[in-house]
Amino acid sequence: MLEIQFYDLGSINEDELKFAVISAVHKGKWVYVRHKERTSWEIAGGHREPGETIEETAKRELFEETGVIDYELIPICDYSMKYAAVSGKGRLFFAKIEEFGQLPNSEISEVKLFDNPPINLTYLEIQPKLYEKTLDFIKGCEVRYIC
């Protein structure tokens, strides 16, 4: 069973953050991506590369997986997860996307907009929790972040 805990930004030392995941909205719709080897949907995100800050990771992953060219990126919180013997720490971001460019040649085959999260999620145990955390964040934001 998956264990996930959320923390205030900065509660985890940035050097320990290995993942960046990005809940994104474009014109009031949620942005999900589909990996070439899967039929399910997920939010953009991935592993931090050597020498990157966690924000650089989020920007790179968002571009590589959606082709976004104009957006606002806001950190929401840090988190830790443990699944069986696998564990890791990451940061959840929110992106308000203004404009998409061409999808780069990557592991992603499709980007799609949804009114609500799709039922067939790749990471069914964690993505609904990230979505709820994003909704809580949006409720606390100024209206301009969700338009």
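## Contacts of Glu-107

Contact here means heavy atoms within 4.5 Å. The structure is a predicted model. Leaving aside neighbours within four places in sequence, Glu-107 is in contact with Arg-34, His-35, Lys-36 and Glu-65. Glu-107 sits in the loop between β6 and β7, and its relative accessibility of 31% makes it partly exposed. Thr-53 is 54 residues from Glu-107 in sequence, and the two C-alpha atoms are 22 Å apart in space.

Helix α1 covers residues 54–66. Its 13 residues should span 18 Å at 1.5 Å a residue, and the end C-alpha atoms are 18 Å apart, which agrees. The buried residues of α1 are Ile-54, Thr-57, Ala-58, Arg-60, Glu-61, Leu-62, Glu-65 and Thr-66. What covers them includes β2, β3, β4, β5, β6 and β7. Just after the helix, Gly-67 has a positive phi of about 80°.

Glu-52 belongs to the loop between β4 and α1. Glu-52 has a relative accessible area of 13% and is therefore buried. Its side chain makes a polar contact of 2.6 Å with the side chain of Arg-60. A polar atom of the Glu-52 side chain also lies 2.9 Å from the backbone nitrogen of Glu-49. When residues up to four places away in sequence are not counted, Glu-52 touches Thr-57 and Arg-60, both of which are among the buried residues of α1.

## Helix α2

How far does α2 reach from its first C-alpha to its last? The helix has 13 residues and reaches 18 Å, close to the 18 Å expected at 1.5 Å a residue. Buried in α2 are Gln-127, Leu-130, Tyr-131, Thr-134, Phe-137 and Ile-138. Viewed down the helix axis, these buried residues fall within an arc of 120°, so they line one face of α2. An α-helix has 3.6 residues a turn, so residues three or four places apart point the same way. The buried residues of α2 pack against β1 (2–7), β2 (19–26), β3, β5 (68–83) and β6.

## Aromatic pairs

A pair of aromatic rings is described by the distance of the centres and the angle of the planes. The model has four aromatic pairs, counting rings with centres within 6.5 Å. One of them is formed by Trp-41 and Phe-114, edge-to-face, at 5.3 Å centre to centre with 75° between the planes. Trp-41 counts as buried at 7% relative accessibility, and Phe-114 is buried with a relative accessible area of 13%.

The rings of Phe-94 and Phe-137 have centres 6.1 Å apart and planes at 55°, so this pair is tilted. It too links distant parts of the chain, with Phe-94 in strand β6 (residues 86–100) and Phe-137 in helix α2 (residues 127–139), 43 residues apart. Both Phe-94 and Phe-137 are buried. Ring pairs also link Tyr-32, Trp-41 and Phe-114 into a cluster.

## Nonpolar cores

Which residues of the largest nonpolar core touch the most other members? They are Tyr-32, Phe-94 and Phe-137, out of 23 residues in that core. The elements that give two or more residues to this core are β1, β2, β3, β5, β6 and α2. A second, separate core has 15 residues, including Leu-17, Ile-22, Val-31 and Phe-93.

Apart from neighbours within four places in sequence, its contacts are Trp-41, Glu-42, Ile-43, Glu-110, Val-111, Lys-112, Phe-114, Pro-117, Pro-118, Leu-121, Gln-127 and Tyr-131. Of these, Gln-127 and Tyr-131 are among the buried residues of α2.

## Asp-78

Asp-78 lies in strand β5. Is Asp-78 buried or exposed? With a relative accessible area of 0%, Asp-78 is buried. A polar contact of 2.6 Å joins its side chain to that of Arg-91. Not counting residues up to four places away in sequence, Asp-78 touches Gln-5, Phe-6, Tyr-7, Asp-8, Leu-9, Gly-10, Ser-11, Ile-12, Leu-17, Gly-90 and Arg-91. One of these, Leu-17, belongs to the second core.

Notes: Residues numbered from 1 in each chain as written. Predicted model: local features only at pLDDT ≥ 70, side-chain atom pairs only at ≥ 80, totals over all residues. Heavy atoms only, no water. Phe/Tyr/Trp six-rings, centres within 6.5 Å; stacked < 30°, edge-to-face > 60°. Buried < 20%, exposed > 50% of the residue type's maximum accessible area, 1.4 Å probe, protein only. Helix = DSSP H or I, 4+ residues; strand = E, 2+ residues; numbered from the N terminus. Expected span 1.5 Å × (residues − 1). Arc of directions from axis to C-beta. Polar contact = N/O pair within 3.5 Å; in protein donor to acceptor, adjacent residues only side chain to side chain. Core = buried A, V, L, I, M, F, W, Y, C linked by side-chain atoms within 4.5 Å.
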